[in-house]
Amino acid sequence: MNPSPENCANCPVHNMGNLKKLGVDMSDYDYVIALAGNPNTGKSTVFNNLTGLRQHTGNWPGKTVTRAEGGFIYSDKKFKIVDLPGTYSLLSTSTDEEVARDFILFGQPDVTVIVVDATRIERNLNLVLQVLEITDRAVLCVNLIDEARRHNIIVDIRTLGKDLGIPVVATAARQREGMDELLKSIEEVASGKYTCNPYRLSKVNPGIRKAVERIQNEIKEQFPDLPNPRWVAMRLLEGDQSIIDAIKSGELGDLKAEKQIHQPETIQN
């Protein structure tokens with residue numbers, strides 16, 4: 001069943017849970033989808049197509065960064081989609097990057113859809129690879145494929161998907177080209193029909209892998225419920241001061257504990 005305005009109207013987006021500590025209330029939804037990407041990749045157009053323009057906006061708790069949320073029904077399942085701030089990386093050098101990173105890591109969405117510009121894939125791959133270091137469940141949306149064709153740029157979707165180990169879908173969101181394929185890929189990853197095997201730098205470099213494993217084991221002992229200690233270990237190796245401070249203060253464990261929502265927050269249409 002493809003989503004339609006009628007289906008979106010029946011989806012309980014007007015009663016959706018809200019975010020706290022970069023987490024999400026999943027009580028009324030079968031799956032939660034995060035939408036990530038660089039600025040100017042058409043991410044908002046993809047979001048609007050998926051939600052049928054039925055969205056809510058508000059600020060992330062404790063942040064001035066605006067978020068948008070929406071819902072849709074596909075294959076008789078209810079999906080909630082959270083549009084993350086457009087960002088070029090997840091290294092937490094800005095509030096936008098911190099919000100996007102912490103939601104993917106601690107909110108643990110069922111699928112993270114990464115939107116890239118088909119005319120600037122190489123430039124966008126930095127964010128893609130960072131997301132794949134955090135989550136095993138991702139779909140790459142190569143948007144603006146119509147612009148790529150106009151500039152005689154050929155994107156080998158099949159090879160890209162094989163190299164990255166995740167579903168890759170070419171779209172022209174303004175014309176709704178490829179949106180059915182994108183929905184299908186999202187559902188398959190969310191439901192477990194498609195098992196991702198994402199490319200990771202820590203897999204291909206033995207030296208990095210051994211160092212990550214050693215630090216990862218120590219993190220597990222201190223924070224046994226942390227969803228992705230391997231990624232935290234990599235950030236420590238790179239000297240991420242925000243992660244170092246979060247470990248020293250114990251906040252790293254608090255973020256995990258507070259990822260679910262219990263208190264409502266006002267959301268405006």
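Which residue stands opposite Phe-72 in S4? In this predicted model, the residue opposite Phe-72 is Phe-79 of S4.

Strand S3 covers residues 66-74, and strand S4 covers residues 77-83. The two strands pair in the antiparallel sense, over seven bridges. S3 is mostly covered, with eight of its nine residues buried. Two residues lie between the strands of this hairpin, and Ser-75 takes a positive phi near 55° there. Asp-76 also lies in the loop between S3 and S4, and its phi is positive too, near 65°. Asp-76 is exposed because its relative accessible area, 64%, is over the 50% cut-off.

**Aromatic cluster**

The structure holds two aromatic pairs. In one of them, the ring centres of Tyr-31 and Phe-79 are 5.3 Å apart and the planes stand at 40°, so this pair counts as tilted. Phe-72 and Phe-79 form a stacked pair, with 5.0 Å from centre to centre and 5° between the planes. Through these ring pairs, Tyr-31, Phe-72 and Phe-79 are linked into a cluster.

| Residue | Relative accessible area | Class |
|---|---|---|
| Cys-141 | 0% | buried |
| Cys-196 | 12% | buried |

Cys-141 is buried because its relative accessibility of 0% is under the 20% cut-off. Cys-196, at 12%, falls in the buried class as well. The count of disulfides in the model is zero.

Helix H3 spans residues 95-107 and is mostly covered, with ten of its 13 residues buried. Among the buried residues of H3 are the charged-type names Glu-97, Arg-101 and Asp-102. Others in the buried set include Val-99, Ala-100, Phe-103, Ile-104, Leu-105, Phe-106 and Gly-107. After H3 comes Gln-108, which has a positive phi near 50°.

Most residues other than glycine have a negative phi. Arg-176 is a further residue with a positive value, near 60°. Arg-176 is found in the loop between strand S7 (168-170) and helix H7 (179-191). At 40% relative accessibility, Arg-176 counts as partly exposed.

**The largest pocket**

About 300 Å³ of space lies in the largest pocket. Helix H4 (121-134), helix H9 (206-222) and helix H10 (229-237) are the elements that give two or more residues to its lining. The lining consists of 14 residues. Those that lie nearest the centre of the pocket are Glu-133, Leu-201, Met-234, Arg-235 and Glu-238. By class, nine lining residues are nonpolar, two are polar and three are charged.

Methods:
Residues numbered from 1 in each chain as written. Predicted model: local features only at pLDDT ≥ 70, side-chain atom pairs only at ≥ 80, totals over all residues. Heavy atoms only, no water. 1 Å grid on protein atoms, 1.4 Å probe; cavity = no way out; pocket = protein on both sides within 12 Å on 5 of 7 lines; lining within 4 Å. Points joined across faces, edges and corners; volume = space filled by probe spheres on them. Helix = DSSP H or I, 4+ residues; strand = E, 2+ residues; numbered from the N terminus. Disulfide = S-S within 2.5 Å. Buried < 20%, exposed > 50% of the residue type's maximum accessible area, 1.4 Å probe, protein only. Pairing = 2+ DSSP bridges. Phe/Tyr/Trp six-rings, centres within 6.5 Å; stacked < 30°, edge-to-face > 60°.
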